[in-house]
Amino acid sequence: MVAPLFEKELFWLRRNWRAVAVVFLLAPALFGVATATFDRTVPQDVPVAVAPADDAVTEDELQAVAGLARTVSAPRSYDSPDAARTALRRERVYGVLSVGHGLYEPGANVTLSLAVDGGMVTYVEPSLVVTGTLRDRAGVFPSTVTVERRILAPERTLPEFLFATGLVYLLAVYAFTYVPYHLARERRVFDRVRVESSLWALLVAKAGLFAALGAAAVASMSLAGVALGYRVGVADPAVLGVLALTGGALVAVSLGVSFLTRFSVAGRFANVALLGGIVAFSNPVYPTGFFSAVRRSIAGWSPVYHATVVVRGVALKGLSPATFADRLLLLAGVALVSLCWLAAAVVAFERRGRDG
């Protein structure tokens with residue numbers, strides 16, 4: 001029953017190959033090139049780890065340094081440098097402030113070292129604000145305090161950072177705009193499909209079509225990155241898996257909205273509003289807390305934000321997928337819930353159709 005519908009999709013693809021090439025090949029390539037032109041801004045409430053450099057550091061010293069950093073960051077205490085660096089790799093924090101012992105000892109030489117991830121490019125330059133503030137205020141201690149900043153490898157460029165981030169948001173744009181629009185155009189044939197086959201078979205065929213087109217879009221953007229010399233591991237299986245989970249979940253959400261609203265104009269506006277909310281509140285570019293603590297909290301609830309963190313960590317920084325095991329489980333759960341949401345919406349759509 002599915003095979004004839006696949007043939008229909010291939011026939012549609014042959015008839016509309018020019019539009020498909022523009023949307024799924026040219027647009028991703030241009031999107032990749034566009035990442036070369038972006039700018040920076042200044043942080044407000046970015047989480048920064050405060051950890052002792054060794055066992056001699058006292059709790060009073062840690063609290064004092066956290067107080068100094070509080071005006072330009074959201075300090076979080078960690079018991080050891082290793083735990084703080086793990087949080088840095090997982091993007092739980094965006095800097096590790098190591099505190100040396102002797103802050104309250106006159107004549108002692110103490111170093112405060114802020115380590116930032118070279119892959120989190122949009123925080124590398126703004127972290128100068130943190131070190132500058134600490135340097136200005138370190139005079140409150142009787143010791144001689146030196147404040148330094150270290151950039152941890154691997155270092156990446158801003159275009160490379162935006163390229164890795166853009167992979168997720170490219171799929172989000174397709175999921176909430178092109179896919180529901182495409183199905184809405186075929187709304188008039190749904191009754192015939194339900195008689196000759198089933199709506200579920202149509203959705204399976206569409207899933208196959210858009211999975212292939214999504215893969216083509218990612219491949220096109222990846223080729224643009226290769227041409228630009230970007231060091232981004234798009235072909236990593238974990239990256240492709242996260243993109244597939246995220247793209248599938250977002251498509252399921254958008255189509256669920258479309259079916260519940262019977263592909264009305266209101267449904268299209270709702271999907272566009274959802275896309276706008278995702279882009280605005282999932283921190284696609286800057287660290288969480290860059291603009292406000294409220295937006296940091298909202299981002300923590302966004303699966304798209306967590307997907308972006310995983311893609312950045314694996315594709316851009318070369319980290320092991322195991323580093324993000326909790327986030328991978330979260331994304332798998334969200335994908336399952338999204339499919340259930342779509343199934344419920346389709347059932348409601350069919351029931352309302354039968355009831356007239």
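This is a predicted model: local features need pLDDT of at least 70, side-chain atom pairs count only at pLDDT 80 or more; totals for chains, interfaces and linings use all residues.
A search of the whole structure finds 10 salt bridges. One of them joins the side chains of Glu91 and Arg312, with an N to O distance of 2.8 Å. Glu91 belongs to the loop between helix H4 (81-89) and strand E3 (96-99), while Arg312 is part of helix H13 (residues 303-316), so this contact ties together parts of the chain that are 221 residues apart in sequence. Glu91 counts as buried because its relative accessibility is 3%, under the 20% cut-off. Arg312 is likewise buried, with a relative accessible area of 1%.

A salt bridge also forms between the side chains of Asp117 and Lys317, at 3.1 Å from N to O. Here, too, distant parts of the chain are linked: Asp117 lies in strand E4 (residues 109-117) and Lys317 in the loop between H13 and helix H14 (325-354), 200 residues apart. Asp117 is buried at a relative accessible area of 9%, and Lys317 is buried at 8% relative accessibility. Together, Glu91, Asp117, Arg312 and Lys317 are linked in a network of salt bridges.

Turning to another pair, Glu186 forms a salt bridge with Lys206, and their closest N and O atoms are 3.0 Å apart. Glu186 is found in the loop between helix H7 (158-185) and helix H8 (190-196), whereas Lys206 lies in helix H9 (residues 199-227); the pair links distant parts of the chain, 20 residues apart. Both Glu186 and Lys206 are buried.

Technical notes. Residues are numbered from 1 along each chain as its sequence is written. Side-chain values use heavy atoms; hydrogens and water are left out. A salt bridge is a side-chain nitrogen of Lys or Arg within 4 Å of a carboxyl oxygen of Asp or Glu. Helices (H or I, at least four residues) and strands (E, at least two) are DSSP runs, numbered from the N terminus. Buried means under 20% relative accessible area, exposed over 50%, partly exposed in between (1.4 Å probe, protein chains only).
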